[in-house]
Amino acid sequence: MINLDVSQFAEKITDKNVIVLDVRTPEEFAQGRIANSINIDVLSDYFMADIAGLDKDAQYAIYCRSGKRSVDAATAMDEIGFSTINLTGGIIAWQESNNEIII
């Protein structure tokens, strides 16, 4: 896992080979998300099964609300062979930096 600040994360997710992964609950995801992100809830009983079907050749840019759950998700994903990037401060930091969210 590589921890990136908001500006570094914003630059990294412009790469077509990076998949943006929101690991918040579906309810949180529905309230606003980073463009082009997919939602897989790290707190779900099915998280490991859900990520098992993802492409391990891709790089995943992961975020949550404040940065804690994304660290947990990235750590779990790294342990089974994924390449991950974590947004330090989560979507809270993203919004505080005046970056766009999709509702």
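Good morning. The chain exposes about 5,600 Å², and carbon and sulfur atoms supply 48% of that area; accessible areas here come from the Shrake-Rupley method with a 1.4 Å probe, and for residues only the protein chains shown count as cover. This is a predicted model, in which local features need pLDDT of at least 70 and side-chain atom pairs count only at pLDDT 80 or more, while totals for chains, interfaces and linings use all residues. Residues are numbered from 1 along each chain as its sequence is written, and side-chain values use heavy atoms, with hydrogens and water left out.

Let me start with the overall dimensions. The C-alpha trace spans about 35 × 25 × 20 Å along its principal axes. With 103 residues, a compact globule would have a radius of gyration near 13 Å, and the 12 Å of this chain agrees with that; the radius is taken over C-alpha atoms, and the globule rule is 2.2 Å times the number of residues to the power 0.38. Of the 103 residues, 44% count as buried, where buried means under 20% relative accessible area, exposed over 50%, and partly exposed in between, with a 1.4 Å probe and protein chains only. Among contacts between residues at least 6 apart in sequence, 64% join residues at least 24 apart; a contact means heavy atoms within 4.5 Å.

Next, the order of the elements. The chain has 5 helices and 5 strands, and from the N terminus on they run β-α-β-α-β-α-β-α-β-α. Helices (H or I, at least four residues) and strands (E, at least two) are DSSP runs, numbered from the N terminus.

I turn to strand β4, residues 59-63. How many residues of β4 are buried? The count is 5 of the 5, so β4 is largely enclosed by the rest of the structure. Both faces are covered, with Q59, A61 and Y63 buried on one side and Y60 and I62 buried on the other. Strand β2 runs parallel to β4 and is joined to it by 5 bridges; two strands pair if DSSP finds at least two bridges between them. Within this pairing, V18 stands opposite Q59 of β4.

On β5, residues 83-87, the burial is 4 of the 5 residues, so this strand too is largely enclosed by the rest of the structure. Strands β4 and β5 pair in the parallel sense over 4 bridges, and strand β1, residues 2-4, is joined to β5 by 3 bridges, again in parallel. Helix α4, residues 68-79, lies between β4 and β5 in a right-handed β-α-β unit. A crossover is right-handed if, with the strands pointing away from the viewer, the path from the first strand over the helix to the second runs clockwise.

N86 counts as buried, at 2% relative accessibility. In β5, N86 is the bridge partner of N3 and also the bridge partner of I62. The side chains of N86 and N3 are joined by a polar contact of 2.8 Å. A polar contact is a pair of N or O atoms within 3.5 Å; within protein, one must be able to donate a hydrogen and the other to accept it, and residues adjacent in sequence count only if both atoms are side-chain atoms. Leaving aside neighbours within four places in sequence, the contacts of N86 include M1, F9, G67, S70 and V71.

Now to the loop between β2 (18-22) and α2 (26-31), where V23 is found. Is V23 buried or exposed? At 0% relative accessibility, V23 counts as buried. Not counting residues up to four places away in sequence, V23 touches I40, D41, V42, F47, I62, Y63, C64, R69, S70 and A73. The C-alpha atoms of V23 and I91 are separated by 11 Å, although these residues are 68 apart along the chain.

Finally, two asparagines with positive phi. N36 has a phi of about 65° although it is not a glycine. Its place is in the loop between α2 and β3 (37-39), and N36 is exposed, with a relative accessible area of 73%. For N98, also a residue other than glycine, phi is positive and near 65°. N98 lies in the segment after α5 (90-96) and is exposed, with a relative accessible area of 72%. Thank you.
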